[in-house]
Amino acid sequence: MKAAVISAPGKVEIATVADPAPGPREVVVQVAACGLCGTDLHILQGEFAPTLPVVPGHEFAGTVVATGSAVTELAEGDRVAVDPSLYCFECRYCRLGRNNLCERWAAIGVTTAGGAAEFAVAPVANCVRLPDHVRTEDAALIEPLSCAVRGYDILRSQQLGSQVLIYGSGTMGLMMLELAKRTGAAGVDVVDVNPQRLATARTLGCSNAADSADALDRPYGWDVVIDATGNERAIQDGLGRVAKGGTFLQFGVADYAARATIEPYRIYNQEITITGSMAVLHSYERAAELFAAGVLDPDVFISDRLPLDDYAEALERFQAGRGRKILVRP
């Protein structure tokens, strides 16, 4: 089959690889679409994936074309979205129910072959059947939405009427915006240096949008500040915008070398919470239900649908900040 392969840091190519075969409790999915995200850029840099080469693509959906000998839950022809998370279920964190912190954490498209290919294999337990009204390729959005749902699980302390500030209006920032509107925020402001992305945030109904938090009238800060960029300067700025008693959520994936300075006395004196959100945890099925209920408009969120052959170009577009969610279609 044809697949995108990251063969070495900075090197991606379209290659012919062996067709996958399902294990007893696995299925083979014919991929309808695969989304790109910041994790793919980290893998391209040689981060995250323990070994290269690897077929990337952890955001994907498609049609089941083969089932393992012990699979009874799905049949050939079923349309599914795939949770890429792979856990050991044995380590301390898995036994505590914190599987996303698994000591042997792995993921389809990160540590094993993923959906940037014609076919991908997945455990049947990771597959969610799609309702008839959901377009298969649009369902690639469910995985990033499940990460956003996990982010709001972390923000359980957010009170009704909170003022929220989001750094970044790419796919993840816009998803956090949509969820903030539905979790009782009184206002949701968005900061981004990309005017096209800010225009989308306005279309989706943010309270204010600007290229700097200085342009927003919030002298006391924000109750919840979310970084959805992973950018060191944005993170540093956001840490200084948290109101007394507020929370800073590190949601964007930063480079390993990124650093930010905190003020311990201020954190103590103003009872500020600084926390993070790592990938997916018991949130994929809920995200699938939210998606089926229309929490996102795929035609707003998906800006590009490119053929798999253009995977390298898709990565370049994403890295340059052009568009929103970029999908590749085998």
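The model is predicted, so local features need pLDDT of at least 70 and side-chain atom pairs pLDDT 80 or more, while totals for chains, interfaces and linings use all residues. Residues are numbered from 1 along each chain as its sequence is written, and side-chain values use heavy atoms, without hydrogens and water.

Me: What makes Phe89 exposed?
Reply: Its relative accessible area is 58%. Exposed means over 50%, buried under 20% and partly exposed in between (1.4 Å probe, protein chains only), so Phe89 counts as exposed.

Me: Why is the charged end of Arg92 said to sit over the ring of Tyr93?
Reply: The term requires NZ of Lys or CZ of Arg within 6 Å of the ring centre and within 35 degrees of the ring normal. The charged end of Arg92 is 5.3 Å from the centre of the Tyr93 ring.

Me: How do you know that the buried residues of α10 line one face of the helix?
Reply: The buried residues of α10 (residues 311–319) are Tyr311, Ala314, Leu315, Arg317 and Phe318. They fall within an arc of 160 degrees seen down the axis, so they line one face; the arc is that of the directions from the helix axis to the C-beta atoms. Glu316 and Gln319, both exposed, lie on the face turned away from the buried side.

Technical notes
Helix = DSSP H or I, 4+ residues; strand = E, 2+ residues; numbered from the N terminus.
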